[in-house]
Every structure is written in C-alpha cells, then in structure tokens.
Amino acid sequence: SQYDNNNPFIAIEGNHKTRRFIVARQLARALKATNLRSPPEFMNFLKFDFKELEIRRAYYSLALYANALEARRLLHEKAVVTAGYWLDIAAFSLAKKYPLAFPENSSEMRWPEDLLAPDIVFYINSPPPETTLQYNMASTKPPNPLKPRLVDVYRTWTYPRVVELSGYIFSYNEMFTEMFRHINFIKQSKFKQYLKQNRKTLKRSYTN
C-alpha cells in the first residue's frame, strides 16, 4: 500500500454461520483481500481439546487476539476480511444477560480497547430455518427465542459501525453490491484522512 492502513478491515457476522463464511470468502476474493479464519490455522488443531465451557471461551477469545495481530500486519499490504469476530461472542453474552434493555454508557457495549476494531461490520440477517415449510414439516423444535435479541445487539451497536443486510430480500449479488458501496466509502474516507494528516510531507515531496 502507498499509505499505511488505507486498506479496510471488514468483519462479517450473521445468524447463519455457513452463510457468513461463504460471504467472507467470496468478498475477500473479490477485493483481493486476505480471508482470516478463526481460530487461525496454527491454533485450529486445539479447538476440540477443550471441553469445559469457560476454557473454550478463553480459547476462542485468545484466537481473536491472534487474528487481530495478523490483521494489523496484513493491513499494510491488503484488505482483510474475517467472519465471526469479537462482536459475535459479545452479542450472545449481551442477549442472554439483558433480555429487556441494554445498559447505556456501559463498558459492555463498547469495543475492547486492546483489540483491533474492524472498519465496518456487516451483519447478515438470514431467514431462520424454522420459517421454511420444509423445516416445519421435518422438525418440532421451537424457534430460538434468543435470535431476535441477538439482532437487537447489532442494531444497537454504535462503534464500529454495523450494517445490517437482510437475507430475506438480498441475493448474494445484491449483498456484495451493497457491501462494495460501504467499503468504497470507507476507503475514500481513510485516504482523505491520510492526506489531511500528511499534507505537509506530501507537499514537500512534490515540490522537491
């Protein structure tokens, strides 16, 4: 890159894990970006070793920080896309802890200061399988009551910005078109910020 950190760091979240992984992979390919999987490859072999819930949570949290370090390194060269980042874990905890209202001005509703934040989060709100006729005929399992509350977390979140993409109305092509619109805006904004911060240096380089 000609200027540091102009490349966007993009997180893909959603209520359908397979779909968000597919979208992340395809988006990274379209942007010629790196698709970071979580856990990272060097930690992946450990993910079945931890049976206790708290230890598994600690493992996945550590994996996020490992990915953040790798993303920070890669962003000097290209954009980075990841699926299932920190907000995925936080949303579940918040939805479960606060069934009625989220606390205002709480640290629980803020991104961790020591973890690299994405420039934008895309939340893919896919139709749940229990809404389909095929599912209803084959299963008596009731809908997950936590799902609407999970969506509320993403809609309430302020930083980094979350863009909700409805899987009810968007095809993949329409989804990518909408993503590119937001990503291009971010890249332009970051470049303008770079020019503003380095105006004197750039002016000297052009006049010498």
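Visitor: Where does lysine 32 lie in this structure?
Guide: The model is a predicted one. Lysine 32 has a positive phi of about 55°, although it is not a glycine. Its place in the chain is the loop between H1 and E2.

Visitor: Which loop holds proline 39?
Guide: The peptide bond that runs from serine 38 to proline 39 is cis, and its omega is near 0°. Proline 39 is found in the loop between strand E2 (34–36) and helix H2 (41–44).

Visitor: What is the omega of the peptide bond from tyrosine 159 to proline 160?
Guide: Proline 160 belongs to the loop between H6 and strand E5 (162–166). The bond that joins tyrosine 159 to proline 160 is cis, with omega near -5°.

Visitor: Is the crossing in which H4 passes H6 left-handed or right-handed?
Guide: The two axes cross at roughly 120°. The crossing of H4 past H6 is right-handed.

Visitor: How many residues of the contact of H4 with H6 are nonpolar, polar and charged?
Guide: On the H4 side, the contact is made by Leu87, Asp88, Ala91, Phe92, Leu94 and Ala95, and on the H6 side by Arg149, Leu150, Val153 and Tyr154. These residues divide into two charged, no polar and eight nonpolar.

Visitor: Which residues are the closest to the centre of the largest pocket?
Guide: The largest pocket has a volume of about 1000 Å³. It is lined by 32 residues, of which the closest to its centre are Lys17, Arg20, Tyr60, Asp88 and Ile89.

Visitor: Which element gives the most to the lining of the largest pocket?
Guide: The elements that give two or more residues to this lining are helix H1 (17–31), helix H3 (53–74), H4 and H6. The lining as a whole divides into 15 nonpolar, nine polar and eight charged residues. With seven residues, the element that gives the most is H4.

How values were computed: Residues are numbered from 1 along each chain as its sequence is written. This is a predicted model: local features need pLDDT of at least 70, side-chain atom pairs count only at pLDDT 80 or more; totals for chains, interfaces and linings use all residues. Side-chain values use heavy atoms; hydrogens and water are left out. Axes are lines fitted to C-alpha atoms, for helices over the stretch in contact, and angles run from 0 to 180 degrees between N-to-C directions. Helices (H or I, at least four residues) and strands (E, at least two) are DSSP runs, numbered from the N terminus. A crossing is left-handed if the near helix is turned anticlockwise from the far one by less than a right angle, and right-handed if clockwise. Contact means heavy atoms within 4.5 Å. Ala, Val, Leu, Ile, Met, Phe, Trp, Tyr, Cys and Pro count as nonpolar, Asp, Glu, Lys and Arg as charged, and the others, Gly among them, as polar. On a 1 Å grid over the protein atoms alone, a cavity is a set of points where a 1.4 Å probe fits but cannot get out, and a pocket is an open set with protein on both sides within 12 Å along at least five of seven lines; lining residues have an atom within 4 Å of a point. Grid points are joined across faces, edges and corners, and a volume is the space filled by probe spheres set on the points.
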